[in-house]
Amino acid sequence: MPTIIALGRQFVGDVCYAPVWWYTIGARRAWDRFRERVSEGNQYLGWSVWTSNLFTPMYHQTDLSGRAISFLVRLVEVAGRSLAMAAWLAGSVALLLLYLGVPLLALCEIVSLAVGLPVVSFTGL
């Protein structure tokens with residue numbers, strides 16, 4: 001019998017501590033992962049390299065036409081990579097918000113079921 005009581009206390013303690021962990025230590029880890037994900041996106045796309053070298057002539061052509069062509073080519077590259085980086089950033093933000101929002105949504109659903117309110121439907125039916 002003492003073992004069952006000890007297991008019950010452990011279970012209740014874990015259930016009560018889970019939200020605290022989720023929004024403290026877990027949120028910090030999620031934030032760190034978000035920052036890593038954005039940094040990985042920058043490394044993968046090379047966005048900061050292209051923006052820092054926007055005015056550097058390609059193939060060391062320092063005449064006016066070489067600089068103009070280099071600038072336009074890099075401007076197109078930076079524009080495309082900026083769109084890709086914005087999509088990468090939007091996906092990373094969505095994952096972070098999903099991590100922070102799912103427990104709140106679950107809690108709202110549990111409370112609405114306990115109180116007898118209608119359940120939130122995402123199907124539109």
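Biologist: Which residues of α4 are buried?
Modeller: The buried ones are G66, S70, R74, V78, M85, S92, L96, E109 and S112; buried means under 20% relative accessible area, with a 1.4 Å probe and protein chains only. This is a predicted model, where local features need pLDDT of at least 70, side-chain atom pairs count only at pLDDT 80 or more, and totals for chains, interfaces and linings use all residues. Numbering runs from 1 along each chain as its sequence is written, and side-chain values use heavy atoms, leaving out hydrogens and water.

Biologist: What covers them?
Modeller: The cover includes α2 (25-45) and α3 (47-52), with contact meaning heavy atoms within 4.5 Å.

Biologist: Why does the end-to-end distance of α4 agree with its residue count?
Modeller: Helix α4 (residues 64-115) has 52 residues, so at 1.5 Å a residue it should span 76 Å, and its end C-alpha atoms are 73 Å apart. The expected span is 1.5 Å times one less than the number of residues.

Biologist: Where is the kink?
Modeller: At G101, shortly before P103, and it is about 35°. That is the angle between axes fitted to the seven residues ending there and the seven starting there.

Biologist: And what comes just after α4?
Modeller: G116, with a positive phi of about 100°.

Biologist: Switching to α1: is P19 buried or partly exposed?
Modeller: P19, in helix α1 (residues 2-23), counts as partly exposed because its relative accessibility is 44%; that class lies between the buried limit and over 50%, which is exposed.

Biologist: How far is P19 from I5?
Modeller: Their C-alpha atoms are separated by 23 Å, at 14 residues apart along the chain.

Conventions: Helix = DSSP H or I, 4+ residues; strand = E, 2+ residues; numbered from the N terminus.
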